[in-house]
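Here is a friendly note to read alongside the model. Keep the 3D view open and find each residue as it comes up.

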Amino acid sequence: MDERYHLTLSTGAEPVMQGWWADRATADRKFRRWIGEHGSVVGAQVVLVDEQEQLVLASWPDTDE
């Protein structure tokens, strides 16, 4: 799979935006950018997943509280 890293912005049950990147550093930058751009939206959630490993790499807001 060329586009290994999947980023999703949701504000409820359905995704509002999605993106896929082959490069982890690019996906990490997009993750931070989306939080900055959309983090003030009520109910916003941003999740970065490694599709190859089926592993959540980062999520915002942090759900480990």
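This is a predicted model: local features need pLDDT of at least 70, side-chain atom pairs count only at pLDDT 80 or more; totals for chains, interfaces and linings use all residues.

**Notes on the fold, point by point**

1. Begin where the helix begins: a side-chain oxygen of Asp23 comes to within 3.4 Å of the backbone nitrogen of Ala25, at the start of α1. This is a polar contact (a pair of N or O atoms within 3.5 Å; within protein, one must be able to donate a hydrogen and the other to accept it, and residues adjacent in sequence count only if both atoms are side-chain atoms).

2. Residues are numbered from 1 along each chain as its sequence is written, and side-chain values use heavy atoms, with hydrogens and water left out.

3. Does the length of α1 agree with what a helix should span, or disagree? Helix α1 covers residues 24-38, and its 15 residues should span 21 Å at 1.5 Å a residue; the end C-alpha atoms are 21 Å apart, which agrees. The expected span is 1.5 Å times one less than the number of residues.

4. Which residues of α1 are buried? They are Thr26, Ala27, Phe31, Trp34, Ile35 and His38. Buried means under 20% relative accessible area, exposed over 50%, and partly exposed in between (1.4 Å probe, protein chains only). An α-helix has 3.6 residues a turn, so residues three or four places apart point the same way. The cover over the buried residues of α1 includes β1 (5-10), β2 (15-21), β3 (45-50) and β4 (55-60).

5. Lys30 also sits in helix α1, and it counts as partly exposed because its relative accessibility is 25%. Beyond its neighbours within four places in sequence, Lys30 is in contact (heavy atoms within 4.5 Å) with Leu7 and Trp21.

6. How many aromatic pairs does a search of the whole structure find? It finds one. Trp21 and Trp34 form this edge-to-face pair, with 6.2 Å centre to centre and 75 degrees between the planes. Trp21 belongs to strand β2 and Trp34 to helix α1, so the pair ties together parts 13 residues apart in sequence. Rings of Phe, Tyr and Trp (its six-membered ring) pair if their centres lie within 6.5 Å; planes under 30 degrees apart count as stacked, over 60 as edge-to-face and the rest as tilted. Both Trp21 and Trp34 are buried.

7. Now the sheet: it is open, with four strands in the order β2-β1-β3-β4 and antiparallel pairing. Its edge strands, β2 and β4, each pair on one side only. Two strands pair if DSSP finds at least two bridges between them; β3 and β4 are joined by five. Val49 has Val56 in β4 as its bridge partner, and Asp50 stands opposite Leu55 in β4.

8. Finally, look at the loop between β3 and β4, where Gln54 is placed. Its phi is near 55 degrees, a positive value in a residue other than glycine. Gln54 counts as exposed because its relative accessibility is 61%. In the segment after β4 you will find Pro61; the peptide bond from Trp60 to Pro61 is cis, with omega near -5 degrees.

Conventions
Helices (H or I, at least four residues) and strands (E, at least two) are DSSP runs, numbered from the N terminus.
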